[in-house]
Each structure stands twice: as C-alpha cells, then as structure tokens.
Amino acid sequence: MSDDLPVVEAVAMSARAAGHETVIAATGEEGLRRFQSEHFDLIAAKFSLPTMNGEELACWVKAIDPLQRFLLVTNARDAAPDRSSANVVLRKPFTLQEAIGIAQQLLDSPA
C-alpha cells in the first residue's frame, strides 16, 4: 500500500468538508479518462504513478485545457522536471495543512 494513500484520502476529506466533490483515480490513465468526460476545479496528482507519471498527465491535461488547475506532488526520489506543466509543484516533505492551503489557493485563483 502506498504511503501516499492516507494523505490523498485526508486531502479529499478536507475538500469534501469545504463543499467540493472529490474523485480519486489510481492511475494517470484513469485520471485522464475521467478528465476527458468530467469537469474538475482542480486536479492533484503525485509524480510517481504507474505507466504515466504525474508530469505526463499534467502535459496531457494542459494540452486539452490550458486553464485547468493542476497540482503536482513530488518527493526527493522523483526525477521530476525543474519546469512543469502543473500550476504548482509541491515537493515533499510538507504538512497536510500546507497541501490543503496550496490546493485552496489554486481553487481561489482565476482559471
């Protein structure tokens, strides 16, 4: 089990408590399929995803909708690029409150 799952679930719970609907996708491909058929105010993805990493997902999403808000989460072991297609790259370590605050700033920003 990924150590990221409890963080993902906690951020999703916080978003729901603030009145946002949340969807969790297990892979980049699943996330991209959902994005192509649904509207999201914010997409948050970790860099390390099976088969399609989070940066690749951000590139696909931004090619479809350049205004889509995208938060990419990375850690020191990731080979994440210095420049990203994501609006914000959040590098570990961070607190849950920091992640929630950054997500809220993105949601509050104009699309």
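This is a predicted model: local features need pLDDT of at least 70, side-chain atom pairs count only at pLDDT 80 or more; totals for chains, interfaces and linings use all residues.
Local features need pLDDT of at least 70, side-chain atom pairs count only at pLDDT 80 or more, and totals for chains, interfaces and linings use all residues. Residues are numbered from 1 along each chain as its sequence is written, and side-chain values use heavy atoms, with hydrogens and water left out.

Student: What is the order of the strands in the open sheet?
Tutor: Strands (E, at least two residues) and helices (H or I, at least four) are DSSP runs, numbered from the N terminus. Two strands pair if DSSP finds at least two bridges between them. β1 and β2 pair in the parallel sense over four bridges, and β2 and β3 also pair in the parallel sense over four bridges. The order is β1-β2-β3.

Student: Which strands stand at the edges?
Tutor: Each edge strand has a single partner, so one side of each is left without a neighbour in the sheet. The edge strands are β1 and β3 (88-91).

Student: Which residues form the uncovered face of β1?
Tutor: In a regular strand the side chains alternate between the two faces of the sheet. In β1, I43 and A45 make up the covered face. The uncovered face has A44 and K46.

Student: At what angle does helix α3 run to β2?
Tutor: Axes are lines fitted to C-alpha atoms, for helices over the stretch in contact (heavy atoms within 4.5 Å). Angles run from 0 to 180 degrees between N-to-C directions. Helix α3 (residues 54-64) lies across β1 and β2, and its angle to β2 is about 170°.

Student: Which element gives the largest share of the lining of the largest pocket?
Tutor: A pocket is an open set of points on a 1 Å grid where a 1.4 Å probe fits, with protein on both sides within 12 Å along at least five of seven lines; lining residues have an atom within 4 Å of a point. The largest pocket is lined by 42 residues, and those nearest its centre are V8, V23, I24, I43 and A44. The largest share, seven residues, comes from α1.

Student: Where is the cis peptide bond?
Tutor: The proline involved lies in the loop between β3 and α4. Omega is about 5°. The bond joins K92 and P93.

Student: What is the phi of T51?
Tutor: T51 is in the loop between β1 and α3. This residue is not a glycine, yet its phi is positive, at about 65°.

Conventions
Buried means under 20% relative accessible area, exposed over 50%, partly exposed in between (1.4 Å probe, protein chains only).
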